[in-house]
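Here are a few notes to read alongside the model. Please keep the viewer open as you go through them.

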Amino acid sequence: MGLFDRLRGKDHPRVAFIGIDGVPFTLLSEHPDEFPNFAALADEGSAGDIDSIVPPESSACWPALTTGVNPGETGVYGFQDREVGSYDTYVPMGRDVQATRVWDRVTDAGRKATVMNVPVTFPPQRNVQRMVSGFLSPGVDKAAYPDDFRDALSEMNYKIDVNAKLGHDDDKTAFMEDARKTLDRRYEAFERYIDQDDWDLFFGVFMTTDRVNHFLFKDYERDGKNKDAFMEFYRTVDDYLGRIRDALPEDVTLIVASDHGFTSLDYEVHCNTWLEENGWLSYEDDDHDSLSDIDEDSKAYSLIPGRFFVNLEGREPRGSVPQSEYESVRDELKAELEALEGPDGNKVADRVVVKEDAFRGDHDDIAPDLVVIPNHGFDLKSGFKGHDDVFGVGPRNGMHSFDNATLYVDDPGAVIEDADLYDIAPTILDLMDVEYSRTELDGASLIQQ
């Protein structure tokens with residue numbers, strides 16, 4: 001119990017949210033002996049698998065989780081988004097998130113928030129008592145506010161992210177050592193500021209879980225050579241979660257969640273290569289490496305992960321598909337994507353989602369026309385440099401999944417059934433007694449009244 005808890009009257013309920021990026025619920029729930037702290041949290045509170053969002057990519061998922069609204073409202077659809085009326089693309093950062101974050105609602109209600117390592121939050125906001133940005137941020141010197149917080153993190157050798165390039169090595173030893181250091185520093189920082197800060201909402205994310213999953217998940221799922229290293233890493237995650245839970249005062253409800261699930265990766269699918277081979281996409285010359293290099297004969301193009309755009313006249317600068325043919329062209333592309341099979345004879349697409357079924361809001365003008373939710377094993381890529389083959393194998397052996405994301409709520413009154421990522425923000429606000437309009441959010445509180 002920190003000084004804050006000894007001095008302050010507990011006049012409002014509080015929430016500590018711990019994110020475990022990309023952790024599938026079954027990984028934790030199927031190994032209660034390996035992960036006793038997660039098992040105890042499930043037994044004493046509520047737990048279950050939830051759905052992610054369309055598309056299930058971290059850059060889109062975290063804005064959705066932290067706002068409770070879909071990408072049509074957040075304005076962030078993936079790691080790379082397209083400028084309105086242009087073929088130029090950009091990497092969305094915190095200022096590109098157009099919806100209200102849950103910690104902004106908390107601070108607007110006169111409460112205090114500490115926010116640490118949430119993806120897509122750079123540059124750090126100044127309306128919270130402290131923030132260090134997460135994934136996609138530069139070094140701590142620019143990603144932390146206020147200055148004394150930045151200095152303290154630097155002294156702790158805090159790491160925003162693991163060195164993912166190490167994961168490309170066949171020997172994963174150096175990668176796992178770096179992952180463990182990153183995890184350790186994150187826990188030490190969380191422990192310190194959970195104890196010492198005067199917060200009503202603590203919101204922190206372990207990103208390293210996603211990184212480890214990308215390079216070792218198939219080893220776990222199919223008994224590969226790195227399975228022991230994978231399980232040892234997650235035993236540490238479980239230990240840290242247990243320590244955090246034990247350190248929380250009684251008036252704090254702990255929520256633990258992932259932004260998407262994970263599964264083994266068998267094939268990378270080079271979507272723009274497939275479009276080119278099937279007459280949907282062509283380029284102005286052979287030396288192409290970006291979306292701006294497509295020519296006016298192109299009917300469609302793709303951005304990661306599995307987002308497909310009709311090259312529409314009046315919307316795209318060199319649009320070739322007339323508005324009058326939009327529906328028929330989109331239907332044709334959807335049918336071909338639904339029929340696409342991998343080298344193993346399995347369908348690539350679990351389903352193909354049309355834009356109006358997934359996206360609503362003031363920022364749907366850059367929404368993809370179709371999104372492929374792939375079957376497990378097929379990871380959708382969308383580079384423009386060109387690949388000789390549609391299907392290939394890269395250095396990663398794990399991939400995101402729409403299903404099997406994780407949610408634990410240390411409250412037996414939470415009902416985690418048919419829930420999704422959008423339900424987390426309203427659940428946090430409900431637990432904290434922070435008012436919000438139900439119609440503002442795409443999700444609903446999971447707390448039984």
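In which sense do strand β5 and β6 pair, and over how many bridges? Strand β5 (residues 113-118) and β6 pair in the parallel sense, over four bridges. Before the numbered points, a word on the basis: this is a predicted model, where local features need pLDDT of at least 70, side-chain atom pairs count only at pLDDT 80 or more, and totals for chains, interfaces and linings use all residues. Residues are numbered from 1 along each chain as its sequence is written, and side-chain values use heavy atoms, with hydrogens and water left out.

1. Helices (H or I, at least four residues) and strands (E, at least two) are DSSP runs numbered from the N terminus, and two strands pair if DSSP finds at least two bridges between them. Buried means under 20% relative accessible area, exposed over 50%, and partly exposed in between (1.4 Å probe, protein chains only).

2. **Backbone points to check.** Most residues other than glycine have a negative phi, and most peptide bonds are trans. The peptide bond from Tyr145 to Pro146 is cis, with omega near 0°; Pro146 sits in the loop between β7 (144-145) and α8 (147-155). Another cis bond joins Ile304 and Pro305, with omega about -10°, and Pro305 lies in the loop between β12 (300-303) and β13 (307-310). Leu136, in the loop between β6 (130-133) and α7 (140-143), has a positive phi of about 85° and is partly exposed at 22% relative accessible area. Asn404 has a positive phi of about 70°; Asn404 is buried, at 14%, in the loop between β18 and β19 (405-409).

3. **The largest pocket.** The largest pocket holds about 850 Å³ of space. Of the 40 residues that line this pocket, the closest to its centre are Glu57, Pro305, Asp379, Lys381 and Arg396. On a 1 Å grid over the protein atoms alone, a pocket is an open set of points where a 1.4 Å probe fits, with protein on both sides within 12 Å along at least five of seven lines; lining residues have an atom within 4 Å of a point. By class, the lining has 17 nonpolar, 13 polar and 10 charged residues. At least three lining residues come from each of domain 1 (14-260 + 402-432) and domain 2 (266-397), with bounds from an automatic or database domain assignment.

4. **The second largest pocket.** Here the volume is about 170 Å³. The lining includes Asp51, Asn70, Arg351, Asp357, Arg360, Asp420 and Tyr422, and its residues divide into five nonpolar, two polar and five charged. This lining, too, draws at least three residues from each of domain 1 and domain 2.

5. **Helix α11.** The 21 residues of α11 (residues 227-247) should span 30 Å at 1.5 Å a residue, and the end C-alpha atoms are 31 Å apart, which agrees. The expected span is 1.5 Å times one less than the number of residues. Among the buried residues of α11 are Phe230, Phe233, Tyr234, Val237, Leu241 and Ile244.

How values were computed
Points joined across faces, edges and corners; volume = space filled by probe spheres on them. Nonpolar A, V, L, I, M, F, W, Y, C, P; charged D, E, K, R; others polar.
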